[in-house]
Amino acid sequence: MAKLVFGMNQSLDGYVDHQKFRPSPALFRHFIEQVRDLSGIVYGRRLYEIMRYWDDDRPHDDAGEQAFAAAWRSKPKWVVSRSLKSVGPNATLVADDFEPTIRRLKAELVGELDVGGPDFAGSLTNLGLIDEYRLYIHPIVLGRGTPFFSGPRPPLRLVVSDRIAEDVIRLTYVPA
């Protein structure tokens, strides 16, 4: 049975913003390895559209960016959206009721399925489907933006805390 994991970079005050967090080389290497180890990725529309950046070859990308792109492209992706009509390579559009699809993926696959997007993760949290939360805490205060938890934070139990890069701590929680 697969494990659904929601993890994102987050400010000290609880906000996520892909434009405010440029990963250090060490953190980027961590994310490359993490993506390589995934069984697949489940996205909400907004984050999927941001991540589509990695679908295209860019000759100016450095070796790390090329490695991340290759790892990301190799993974099957499921995109939950009522507004998209199509998705890119190695992706499946889930346009209708997503709960049965997510439950089927959890039952049929093994390993980890990454969950992308705080609003979508909030919907999965409300259904009790997220198995693990990984908060990558950066030493920055944004003051506003999209919160990591899109609704009330579920009861959680800390299982691991570790330093991932020079200034990033990963806190790993499971539902209590």
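**Sheet, pockets and aromatic pairs in the predicted model**

L135 stands opposite L171 in β10, within a pairing of strand β7 (residues 132-137) and strand β10 (residues 168-175) that is antiparallel and comprises 5 bridges. The structure is a predicted model, in which local features require pLDDT of at least 70 and side-chain atom pairs count only at pLDDT 80 or more, whereas totals for chains, interfaces and linings use all residues. Residues are numbered from 1 along each chain as its sequence is written, and side-chain values use heavy atoms, with hydrogens and water left out. Helices (H or I, at least four residues) and strands (E, at least two) are DSSP runs numbered from the N terminus, and two strands are taken to pair if DSSP finds at least two bridges between them.

β7 and β10 belong to an open sheet of 8 strands with mixed pairing, in the order β5-β4-β3-β6-β1-β7-β10-β9. Because β5 (91-94) and β9 (156-165), at the edges, each have a single partner strand, one side of each is left without a neighbour in the sheet. Neighbouring strands of this sheet are turned by 25° against each other on average, direction ignored; axes are lines fitted to C-alpha atoms, for helices over the stretch in contact, and angles run from 0 to 180 degrees between N-to-C directions. Helix α1 (residues 25-37) packs on the sheet, where β1 (3-10), β6 (112-116), β7, β9 and β10 are touched, and its direction makes about 160° with that of β7, contact meaning heavy atoms within 4.5 Å.

The largest pocket holds about 980 Å³ of space, a volume being the space filled by probe spheres set on the points. Its lining has 34 residues, and N9, P23, F31, M51 and F68 are the closest to its centre. Helix α1 gives the most to this lining, with 5 residues. The second largest pocket has a volume of about 590 Å³ and is lined by 26 residues, with G44, R45, R46, D119 and F120 nearest its centre; α2 and α5 (118-126) are the elements that give two or more residues to this lining.

The whole structure contains 11 aromatic pairs, for which rings of Phe, Tyr and Trp (its six-membered ring) must have centres within 6.5 Å, planes under 30 degrees apart counting as stacked, over 60 as edge-to-face and the rest as tilted. The ring centres of Y43 and W72 lie 6.5 Å apart with planes at 50°, so this pair is tilted. Y43 in strand β3 and W72 in helix α3 are 29 residues apart, and the pair thus links distant parts of the chain.

Methods:
On a 1 Å grid over the protein atoms alone, a cavity is a set of points where a 1.4 Å probe fits but cannot get out, and a pocket is an open set with protein on both sides within 12 Å along at least five of seven lines; lining residues have an atom within 4 Å of a point.
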